[in-house]
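Please open the model in your viewer and keep the selection tool at hand.

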Amino acid sequence: MSTAVRRVATPPEPTLDATPTVTRRAPPVPARTTAPPPVRRRAARAAGLLGAVALLGVILLLSIAVGAKSLPLADVWSGLLDRDATEYAVVHRMRLPRTLLGLLAGTALGVAGAVMQALTRNPLADPGLLGINAGASAAVATAAAFLGVTAIGGYVWFALLGAAVVTALVYAVGGGRGATPARLALAGAALNATLYSFVSAVMLLDAASLDRLRFWTVGSLASADAATVTRVAPFILAGLLVALAAARPLNALALGDDTARALGARPALIRAAVIVAVTLLCGAATAACGPIVFVGLLVPHLVRALTGPDLRWLLPYCAVLAPVLLLGADVLGRLLGRPGELQVGMVTAVLGGPLFLWLVSRSRVAHP
């Protein structure tokens, strides 16, 4: 009788060269030694803004130094501080008011262009192209020709009124809350052509108005004095405060009305505040200097490439770099036109047009 033998499989004996399995832990993550991207971005923007302020300081000194008779920087400094210096009268009566007016007007136009582009979401929004400067000019020409107004104190109020009326009209004709860039541009172009035709007709029919307004209509800083600066400064400063206060709500409004309301913003109030700011800025600047184009259009595009669409950074940059452009054009006009000068409005138009076309051709014009 045979018996079955079962074979039981036994595990192999461990060998001497067998190595146990070791569980490896991930190495500890080193602590971050560099600032996160948002912090670095803010630091870069702050450094860029300081550099822009330094550039503005250089342009301010050049604006005081350059003229029919150029002054060395040492004489400029003594003319600013020393009442007994021979240059004191020239600096304080002529050069300094002109420079301060260019600073105020450039800041006003740059900030007005930036908030208008943000509100309308139109990269072509500009106080000149949308007819706001033309409205102020038409009101000033009417006051000068038919009401006998000749002082800057009267010009300011009429310019503010004309700017306010045209701002509201362009916004309403362009579609209000549903405005599109194309409709706003068409409405502004139509009003711009109509109002400037009216200004030209008034000047041609009235020789006295032609004499008073012929330099003003092309945009000029030549007639600046201390009274002009003190008259327009409160309006421009008030407009700047309103615009800066609207920066954060405008950022929310860029996301749409519903999102802006969810974030606590009030779209109707924001639009009204921007219209008030643009009216104060453009009306005062136009009353003092005449209609100057391309500053409010060009500077925000150049700045947006550095700061992005955030108005909390965009507006301070525009407030600094727009007067750099305006005063730089004024200095260039004085150098090219010696012994006379080229009006700053002509220089900004000649420089701004080709430069803006170059930006468009290289696709650097960004939507707000």
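Begin by selecting helices H4 and H5, which are oblique to each other because their axes pack at an angle of about 140°, where oblique is what remains once angles under 35 degrees are called roughly parallel, over 145 roughly antiparallel and 65 to 115 roughly perpendicular. H4 covers residues 132-146 and H5 covers residues 152-173, and their axes are 7 Å apart. Axes are lines fitted to C-alpha atoms, for helices over the stretch in contact, and angles run from 0 to 180 degrees between N-to-C directions. Helices (H or I, at least four residues) are DSSP runs numbered from the N terminus. H4 passes H5 in a right-handed crossing, the name used if the near helix is turned clockwise from the far one by less than a right angle, while anticlockwise is left-handed.

Before going on, note that this is a predicted model, in which local features need pLDDT of at least 70 and side-chain atom pairs count only at pLDDT 80 or more, while totals for chains, interfaces and linings use all residues. Residues are numbered from 1 along each chain as its sequence is written, and side-chain values use heavy atoms, with hydrogens and water left out.

The contact (heavy atoms within 4.5 Å) is made by Ile132, Gly135, Ala136, Ala139, Val140, Ala143 and Ala144 of H4 and by Tyr155, Phe158, Ala159, Gly162, Ala163, Val166 and Thr167 of H5. These residues divide into eleven nonpolar, three polar and no charged, where Ala, Val, Leu, Ile, Met, Phe, Trp, Tyr, Cys and Pro count as nonpolar, Asp, Glu, Lys and Arg as charged, and the others, Gly among them, as polar.

Next, select H3 (residues 88-120) and H11 (267-289). Their axes come within 9 Å and cross at roughly 150°, which makes H3 roughly antiparallel to H11. This crossing is left-handed, and the residues in contact divide into 16 nonpolar, no polar and one charged. Among those that meet are Leu101, Ala105 and Met116 in H3 and Arg271, Val274 and Val278 in H11.

Which residues line the largest cavity? Select Met116, Leu119, Thr120, Leu130, Ile132, Thr167, Val170, Tyr171, Leu184, Val274, Ile275 and Val278 to see its lining. On a 1 Å grid over the protein atoms alone, a cavity is a set of points where a 1.4 Å probe fits but cannot get out, and lining residues have an atom within 4 Å of a point. The largest cavity has a volume of about 120 Å³, and H3, H5 and H11 each supply at least two residues of its lining.

For the second largest cavity, select Phe294, Leu298, Leu325, Thr348, Leu351 and Gly352, around about 40 Å³ of space. Helix H14 (residues 344-361) gives the most to this lining, with three residues. Phe294 lies in the loop between H11 and H12, and its phi is near 75°, a positive value in a residue other than glycine.

Finally, select Ala68, Met94, Arg95, Arg98 and Glu341, the closest to the centre of the second largest pocket among its 14 lining residues. A pocket is an open set with protein on both sides within 12 Å along at least five of seven lines. This one has a volume of about 220 Å³, and its lining divides into six nonpolar, two polar and six charged residues. Volumes are the space filled by probe spheres set on the grid points, which are joined across faces, edges and corners.
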